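Subject: Structure handover and notes

Hello,

Here is the structure for your files. My notes on the fold follow below it.

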Amino acid sequence: MKKKHTEIEIEKHTARCLCGKITIEATGPAKYTEYCHCKWCQQVSGSAFLPLVVFDKDQVVVTSGKLSHYNSSHGALRGFCRNCGSTMSFQSAKSFDIALGVMDNPEHFKSSKHIWAKSRISHVMITDSLPRFDESDE
Ligand SMILES: [Zn+2]
Ligand SMILES: [Zn+2]
């Protein structure tokens, strides 16, 4: 059978905050997804840990609204919606991470690791067998 010429499909992923004012679009596959157990992620999310979908900076654009930022550590910007308070993103020099919970298709992004496991809240049970790193593995 002759192969039909097919268009190259480029993956697109969208995210939005609770109130919908901010939408973000990422083009192409994520590098990976991780669960971060650091204290800063616990505080900024109000949760036991923060799952982050990691993209290269040039893959991500804010398509509506404007992210507000908090500079939580050297070179790290945490993005949130000033209107509804949603935790949206984590930007470092090399990456633009989007919080899994604001992704429109969170089922697509399976985590591959736990980082900052040394500050994990011990009574939050993790039953997966993913690698756990005491700190960041990078
Ligand atoms: Zn919002
Ligand atoms: Zn963290």
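Two strands are taken as paired if DSSP finds at least two bridges between them. Strands (E, at least two residues) and helices (H or I, at least four) are DSSP runs, numbered from the N terminus. This is a predicted model, in which local features need pLDDT of at least 70 and side-chain atom pairs count only at pLDDT 80 or more, while totals for chains, interfaces and linings use all residues. Residues are numbered from 1 along each chain as its sequence is written, and chains are lettered from A and ligands numbered from 1 in the order in which they are written.

Overall layout

The chain has one helix and ten strands, arranged along the sequence as β-β-β-α-β-β-β-β-β-β-β. Its C-alpha atoms fill a box of roughly 55 × 35 × 25 Å along the principal axes. Of the contacts in the chain with a separation of 6 or more, 53% are between residues 24 or more positions apart; a contact here means C-beta atoms, placed from the backbone, within 7 Å.

The sheet

Seven strands make up an open sheet with mixed pairing, in the order β6-β7-β8-β9-β4-β3-β10. At the edges are β6 (68–73) and β10 (113–115), each of which pairs on one side only. Neighbouring strands are turned by 30° against each other on average, direction ignored; the axes are lines fitted to C-alpha atoms, and angles run from 0 to 180 degrees between N-to-C directions.

Ser-73 has Ala-76 as its bridge partner in β7, and Asn-71 has Leu-77. Two residues lie between the strands of this hairpin, where Gly-75 takes a positive phi near 75°.

β7 is in turn joined to β8 by four bridges, again antiparallel, with Arg-78 opposite Phe-90 in β8. The hairpin of β7 and β8 has six residues between the strands, and Gly-85 has a positive phi near 85° there.

Further along the sheet, β4 is antiparallel to β9, with five bridges; one pair is Asp-56 with Ser-95 in β9. Five bridges also join β4 to β3, antiparallel as well, and Glu-34 stands opposite Leu-52 in β4.

Burial and the core

A residue counts as buried if 20 or more other C-beta atoms lie within 10 Å of its own, as exposed if there are 12 or fewer, and as partly exposed in between, with C-beta atoms placed from the backbone. Buried residues make up 30% of the 138 in the chain. β4 is mostly covered, with six of its seven residues buried.

A nonpolar core is a set of buried Ala, Val, Leu, Ile, Met, Phe, Trp, Tyr and Cys residues joined through C-beta atoms within 7 Å. The largest one has 28 residues, and Cys-36, Met-88 and Ile-98 have the most contacts inside it. Two or more residues each come from β2 (23–27), β3 (32–36), β4 (50–56), β8 (87–91) and β9 (95–99). β4 gives the largest share, five residues.

Which residues does Cys-36 contact, leaving aside its neighbours within four places in sequence? They are Cys-41, Phe-49, Leu-50, Leu-52, Ile-115 and Trp-116.

Regards

How values were computed: Two residues are in contact if their C-beta atoms, placed from the backbone, lie within 7 Å.
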